[in-house]
Amino acid sequence: MALRTRTETKLLDAADELFFTRGIAATPIDAVLERAGVSAATLYRGYSSKDALVAAALDRRHAAWIETWDAAVAAQTTDEGRLLAIFDALDVFRSQPAGSRWCAFLGSAAEYADAPPEVDAAIHRDSDSMRARLTDLAASVDPARAAALADQLMLVVTGDLAMRLRSPAHTSGVARGIAAALVAG
């Protein structure tokens, strides 16, 4: 039996808030249930395990991230601007209520030495999506370097996200400058 949309939203909101700010291992499922105001039976009607709930929260976050990134890309008028729009999207995403102090995907990957299959799949969907999107955008700028440029930009983005842990006021300005230099070749 599927969960009602409202109940699912409450569960995913609670999971997102707790798992991606306190940590997955540090957050017992009872805390998620309490925050969401639902019973364990309700949770397990929709999700087979805590790991399935984590994966669903990651998938929802990924969809929100893509929407934010798409808007940032659409606001640009040049190929270079569209490629570098990921940095605008990072700053916008972080400022949203669902944004966190850093990346839920990096945090989830760091928490597991061997992630459960559903969590691992969610993490890889995000990484694969980012790489594919950056490669497509880079192909418009420099087709011969598209794959390499995408990998370099992924590294810059990851470092930028990690810096958000060190400095709460961090913005993507420095990372954007590094990325612009990479794009310029």
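**Note on salt bridges and helix packing**

1. R164 and D160 are joined by a salt bridge whose closest N and O atoms are 3.2 Å apart; the term denotes a side-chain nitrogen of Lys or Arg within 4 Å of a carboxyl oxygen of Asp or Glu. The model is predicted, so local features need pLDDT of at least 70 and side-chain atom pairs count only at pLDDT 80 or more, whereas totals for chains, interfaces and linings use all residues. Residues are numbered from 1 along each chain as its sequence is written, and side-chain values use heavy atoms, with hydrogens and water left out.

2. Both partners belong to helix 8 (residues 146-166), where R164 and D160 are four residues apart and thus separated by about one helical turn. Helices are DSSP runs (H or I, at least four residues), numbered from the N terminus. R164 is buried, at a relative accessible area of 3%, and D160 is buried as well, at 2%. Buried here means under 20% relative accessible area, exposed over 50%, and partly exposed in between, with a 1.4 Å probe and protein chains only. Through salt bridges that share partners, D91, D160 and R164 form one network.

3. How do helix 5 and helix 8 lie relative to each other? They are roughly parallel: their axes come within 11 Å and cross at roughly 20°. Axes are lines fitted to C-alpha atoms, for helices over the stretch in contact, and the angles run from 0 to 180 degrees between N-to-C directions. Angles under 35 degrees count as roughly parallel, over 145 as roughly antiparallel, 65 to 115 as roughly perpendicular and the rest as oblique. The crossing of helix 5 past helix 8 is right-handed, that is, the near helix is turned clockwise from the far one by less than a right angle.

4. On the helix 5 side, this contact (heavy atoms within 4.5 Å) involves L83, I86, F87, L90, D91 and R94; on the helix 8 side it involves L149, L153, V156, V157, D160, L161 and R164. These residues divide into nine nonpolar, no polar and four charged. Ala, Val, Leu, Ile, Met, Phe, Trp, Tyr, Cys and Pro count as nonpolar, Asp, Glu, Lys and Arg as charged, and the others, Gly among them, as polar.

5. Helix 5 (residues 79-95) also holds R82 and D79, three residues apart, about one turn of the helix. R82 and D79 form a salt bridge with their closest N and O atoms 2.7 Å apart. R82 is partly exposed at 25% relative accessibility, and D79 is partly exposed at 29%.

6. The salt bridge between D13 and R60 (2.8 Å, N to O) links distant parts of the chain: D13 lies in helix 1 (residues 5-22) and R60 in helix 4 (residues 50-74), 47 residues apart. D13 counts as partly exposed at 38% relative accessibility, as does R60 at 31%. In the whole structure, a search finds eleven salt bridges.

7. The axes of helix 1 and helix 4 come within 9 Å and cross at roughly 90°, which makes the two helices roughly perpendicular. Helix 1 contributes T9, L11, L12, D13, A15, D16, F19 and F20 to the contact, and helix 4 contributes K50, L53, V54, A56, A57, L58, R60 and R61. By class, this contact has ten nonpolar, one polar and five charged residues.
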